Amino acid sequence: MADVPGLRLPDQLAERARDIEEGRAEPAVSRDASTVVLLRDALDGGIEVYMLRRVTSMPFAPGAYVFPGGSVDARDGDRTVGWSGPSPEEWGAAFGAGETLARELVCAAVRETFEESGVLLAGPAPDTIAGDISGDDWEADRLALLDRSLSLAALLDKRGLVLRSDLLRPWAHWITPVFEERRYDTRFFAAALPAGQRTRDVSTESDQVAWVRPREGVEAARRGEMALLPPTFVTLTELAMYDSVAGVLAAERAVRPRLPETRVTDDGAYLILPPELDGHVPGARP
């Protein structure tokens, strides 16, 4: 049989893909999620992106380098959240989502970025940004967000802040393939590290953090030195074309859902990436 273009799946995933195709199993329902590509200008030129390596005990993508992010929480749709910048309706138009989901996605992006990196995309007014938030009192608030004893709306109200949706940009939309038992419908945002803030290694879901030059991340993945999921690899490949954070944030992005296709053959199962991504992912057959 001729080679099938794409990534050959491990036997366990191939078996599940075959079961789904032949009707013996149903795909898991995907959960809405947000991911934030946090960027800064490198001191010697170019850009860097903040990445976390997931601990090997994680059920989804263990050992992979990822951007901060996670699933939408039930309270992310709270309409009392202090808000400035593009409205949920505008975000919905950018991501092909209804107003309620768009609100949840933006709030989840801000919340997860604070939970996983200690960076808060909010300010005292629509034209200001929170400064140094690395103190013990802020850490207590971050932990309260994590254990759900504090909501994002309550945090912003307590601190006299408004969410700055204008600090985010729509970047991409990826849906986990059907054979995965944990599936996510994830919108990717891009944002600059706010002046006066710094990232902190605080996520319990990661064992290492790093600021990575996109091109170096791509090259490390090709050498097998950095584990990346296809959406992460593709995002780094796209970011490698930019010389500054301003250039990334000014990019005009037509965001469309990307759901990699699965193809089952007599000799295995393959992940078929969208045609425009052909050749971008390590291990893919040309």
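Reader: Which residues does L120 touch, leaving aside those up to four places away in sequence?

Author: In this predicted model, L120 touches V110, F114, I133, W138, L161, P194 and Q197, with residues up to four places away in sequence not counted.

Reader: Which residues touch the most other members of the largest nonpolar core?

Author: L120, L168 and F189 do, in a core of 40 residues.

Reader: And which elements give two or more residues to this core?

Author: Strands β2 (31-41), β3 (47-54) and β10 (184-192) do, together with helices α2 (88-95), α3 (99-117), α4 and α5. The largest share comes from α3, with 9 residues.

Reader: What other core lies apart from it?

Author: Another core, of 25 residues, lies apart from it and includes V49, V234, V245 and V248. As background, nonpolar side chains in soluble globular proteins tend to be buried together.

Reader: Turning to the helices, at what angle do the axes of α4 and α5 cross?

Author: The axes of α4 (residues 136-146) and α5 (residues 152-159) cross at roughly 160 degrees and come within 10 Å. Angles over 145 degrees count as roughly antiparallel, so α4 and α5 are roughly antiparallel to each other.

Reader: Is that crossing left-handed or right-handed?

Author: The crossing of α4 and α5 is right-handed.

Reader: Which residues make the contact?

Author: Helix α4 contributes D137, W138, D141 and L145, while α5 contributes L152, L155, K158 and R159. W138 is also one of the residues that L120 touches.

Reader: How many residues of each class does the contact of α4 with α5 have?

Author: This contact has 4 nonpolar and 4 charged residues, and no polar ones.

Note on methods: Residues numbered from 1 in each chain as written. Predicted model: local features only at pLDDT ≥ 70, side-chain atom pairs only at ≥ 80, totals over all residues. Heavy atoms only, no water. Axes fitted to C-alpha atoms, helices over the stretch in contact; angles between N-to-C directions. Helix = DSSP H or I, 4+ residues; strand = E, 2+ residues; numbered from the N terminus. Parallel < 35°, antiparallel > 145°, perpendicular 65-115°, else oblique. Left-handed = near helix turned anticlockwise from the far one by under 90°. Contact = heavy atoms within 4.5 Å. Nonpolar A, V, L, I, M, F, W, Y, C, P; charged D, E, K, R; others polar. Core = buried A, V, L, I, M, F, W, Y, C linked by side-chain atoms within 4.5 Å. Buried < 20%, exposed > 50% of the residue type's maximum accessible area, 1.4 Å probe, protein only.
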